[in-house]
Amino acid sequence: MTSEIGRVLRGVGGLYDVQTGGGRIIRCRPRGKIKQSVTILAGDRVRYLPLGENEGIIEEVLPRSTVIYRPAVANVDQLIVVSACARPDPQLLLMDKLLVLAESRGLTPVVCLNKIDLVPDSVPEELAAIYEKAGYTVLKCSAKLGVGIEELRRCLQGKTSSFAGPSGAGKSSLLNAVQPGLRLITGEVSRKTGRGRQTTRQVALLPLECGGYVADTPGFSQLRLDDLDQLKLDSYFPELRKYKTYCRFTSCLHRSEPDCGVKEALKDGQIAESRYQNYVLLLDELEDLARTRY
Ligand SMILES: Nc1nc2c(ncn2[C@@H]2O[C@H](COP(=O)(O)OP(=O)(O)O)[C@@H](O)[C@H]2O)c(=O)[nH]1
Ligand SMILES: [Mg+2]
Ligand SMILES: [Zn+2]
């Protein structure tokens, strides 16, 4: 038997569901030496030795293009940052944090503005302008009315995506609109206990009918910025990255330095106010963290 390449969809008590090239799902156990050297994650591409029809042995975990934690998923291509236009109100700082985290991990961010049915058109238009200036793709959707769902589906096609954004923004609803019947783990409050569902469970990757995969739980549920380098923060804002080439000092942090290309672009309206303000807030936060660490 020769080995084959598959994709890990989920871990189940030390075993792994692996999707074969042909689309079947088989149950695999890792070879002993692999078990000791790497933690196999949902999303991992693995080389396995088939055993009969429905089983296999994982022999190698192939190099990962990206890794995110909480939930832990490997090889995620893009992060769909979802915000409602209202109910709940958009949280621009949270969105910018999520965008920074995606950038810092090498995931392509996509902004998805949901619940456009609740507000006048000017609301998603003004929100979209903020992120389009940054160079991001912005989708305007209503999961409720089915608006923008075809565009979202096209965006998910052939890629591995994770959704992020505040609770109530409509992440589960959007995925259900993309593919009705998708077995999503939702964060609904359990009727029996009245408590929120356990969120430390392992994540699973769901294959989409349109091609592509989505993680069944939101990415970056915990926002930890502390492993980010404050000196690199501006490189995680694409529009700052673009204009910092015009700063007089290469060490410019774009706060109050003279001849700052970023401040110039801000004045000219090329950079959105909220993006710049959140950059400064995050920079302050990272500096405080660095100070308390030493
Ligand atoms: N009006 C409106 N309500 C929506 C829309 N999308 C989701 N909702 C509602 O918003 C609430 C939260 O949605 P849910 O998908 O659970 O959000 P999640 O926490 O991000 O997964 C639910 O009551 C949904 O029915 C939308 O496009 N328009
Ligand atoms: Mg949900
Ligand atoms: Zn500058």
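Which helix gives the most to the shell around ligand 1? I started my notebook with that one, and the answer is helix H5, residues 171-178, with three residues. A reminder to myself: this is a predicted model.

**Ligand 1.** I then listed who sits around ligand 1. There are 15 residues around the ligand, and Lys144, Gly170, Lys171, Ser172 and Ser173 come nearest. I also sorted the shell by class and got eight polar, four charged and three nonpolar residues.

**Domains.** I found domain 1 at 4-61, domain 2 at 67-215 and domain 3 at 230-293. Between the C-alpha centres of domain 1 and domain 2 I read 28 Å. How many residues of domain 1 are in contact with domain 2? I got nine, and they meet 11 residues of domain 2. Strand S1, residues 4-12, gives the most to that side of domain 1, namely three residues. By class, the side of domain 1 touching domain 2 comes out even: three nonpolar, three polar and three charged residues.

**The barrel.** S1 turned up again when I went through the strands. I jotted down a closed barrel of five strands in the order S1-S2-S3-S5-S4, and its pairing is mixed. From one strand to the next, the twist averages 55 degrees.

A note on pairing in general: strands of a sheet pair through backbone hydrogen bonds, either parallel or antiparallel. Which way do S1 and S2 run? I noted antiparallel, with five bridges joining S1 to strand S2, residues 15-19. I picked out one of the residue pairs too: Gly11 has Tyr16 in S2 as its bridge partner.

How values were computed. Residues are numbered from 1 along each chain as its sequence is written. Chains are lettered from A and ligands numbered from 1 in the order in which they are written. This is a predicted model: local features need pLDDT of at least 70, side-chain atom pairs count only at pLDDT 80 or more; totals for chains, interfaces and linings use all residues. Domain bounds come from an automatic or database domain assignment. Two residues are in contact if their C-beta atoms, placed from the backbone, lie within 7 Å. Helices (H or I, at least four residues) and strands (E, at least two) are DSSP runs, numbered from the N terminus. Ala, Val, Leu, Ile, Met, Phe, Trp, Tyr, Cys and Pro count as nonpolar, Asp, Glu, Lys and Arg as charged, and the others, Gly among them, as polar. A residue is near a molecule or strand if its C-beta atom, placed from the backbone, lies within 6 Å of it. Two strands pair if DSSP finds at least two bridges between them. Axes are lines fitted to C-alpha atoms, for helices over the stretch in contact, and angles run from 0 to 180 degrees between N-to-C directions.
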